[in-house]
Amino acid sequence: MTNIAPAPALPGWTHTYSGKVRDLYVPANGDDRFLLVVASNRVSAFDHVLEPPIPGKGGLLTELSNWWFSRIPMPNHLATGHPEAPAMPSEVADRAVVSRRLEMYPVECVVRGALTGSGFAEYQRTGAVCGIPLPEGIEDGDLLDEPIYTPAYKAPLGEHDENITFERSAELVGPEVAAALREASLRIFTEARQLAAERGVILADTKFEFGRDPETGELVLADEVLTSDSSRYWDASLYLDAALDRSARLASFDKQIVRNWLAAHWDRTGEPPALPAEIVSRTYDRYRELFVRLTGTEPSATPGA
Ligand SMILES: N#Cc1c(N)ncnc1-c1cnn(CCN2CCOCC2)c1
């Protein structure tokens, strides 16, 4: 994976981890109850972090995730209003959250309302996804009659997550927690899909992460929720236009522009080429379009900020 720029030093916080697109910090005073999750402007595709960053992306996705958190009726990891939460560093205030530090479950809780990507690939190989048998004849991008829960084992950074069966997830986290993860994931997906549909947007699939609060023991929704990085969203009118080819119908509101440009300009050997300015701006515009469609408002942060 491309060497990523070092995470910025933030007063009062110690950098502890960098993923493809996010950086994590713990309080410098050793308080292990909190975590700072900073969304970078980095964009990744084909397991590479690309250059240049997309100005405004981190702030927009953080705002969208927080918008969803406020509409999902279950405990979440945000430490907003916690009397002892450390201060938010002003340098990243528009693209970070101070969160409760949880005991994270090693399960990516994926819910699919349509079949594409790794789920469709597994279906083509086996006729099933995560041990769930599906009818014959499903084509890439087809909507499923009912959403399916298709968990994955959270692989270490740089490795691919591994689709697992529900039974395997129960071996990893215990049967009660596995059932609670499945129930919560399907419930949240169903409600979010309905809200998106009312706005002309198809929520095709998404990935949730949960943890256990060490103080209360409760199940807590963590990470980012229902963003363009953790989900596939399609425009409903395009999806239903049979005159369009598949790629146009499945025009997602995320980095598909980046993937398409890379597919045409990179042979997947060596490091990927830098993205042209036009691709950077068009990608931001797609993130912004989804934000406006779902929330009905413009994102607070602007790319130049
Ligand atoms: N959100 C959140 C959150 C939270 N609220 N509490 C504890 N951990 C996390 C968290 C966020 N991302 N990751 C994956 C990165 N891990 C870093 C360590 O190594 C394994 C991967 C964990």
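Visitor: What share of contacts in the protein chain, between residues at least 6 apart in sequence, join residues at least 24 apart?
Guide: The share is 61%, with contact meaning heavy atoms within 4.5 Å.

Visitor: What kind of model is this?
Guide: This is a predicted model, where local features need pLDDT of at least 70, side-chain atom pairs count only at pLDDT 80 or more, and totals for chains, interfaces and linings use all residues. Residues are numbered from 1 along each chain as its sequence is written, and side-chain values use heavy atoms, leaving out hydrogens and water.

Visitor: What radius of gyration does the protein chain have?
Guide: The value is 19 Å, which agrees with the radius near 19 Å of a compact globule with 305 residues. The radius is taken over C-alpha atoms, and the globule rule is 2.2 Å times the number of residues to the power 0.38.

Visitor: How much of the chain is buried?
Guide: Of the 305 residues, 50% count as buried, that is, under 20% relative accessible area with a 1.4 Å probe, protein chains only.

Visitor: Switching to L115, where is it found?
Guide: L115 is in the loop between β8 (107-114) and α2 (117-126); helices (H or I, at least four residues) and strands (E, at least two) are DSSP runs, numbered from the N terminus.

Visitor: Is L115 buried or exposed?
Guide: L115 counts as buried because its relative accessibility is 0%.

Visitor: Which residues is L115 in contact with, leaving aside neighbours within four places in sequence?
Guide: Among them are F120, Y123, V129, I138 and D142. D142 is 27 residues from L115 in sequence, with 5.7 Å between their C-alpha atoms.
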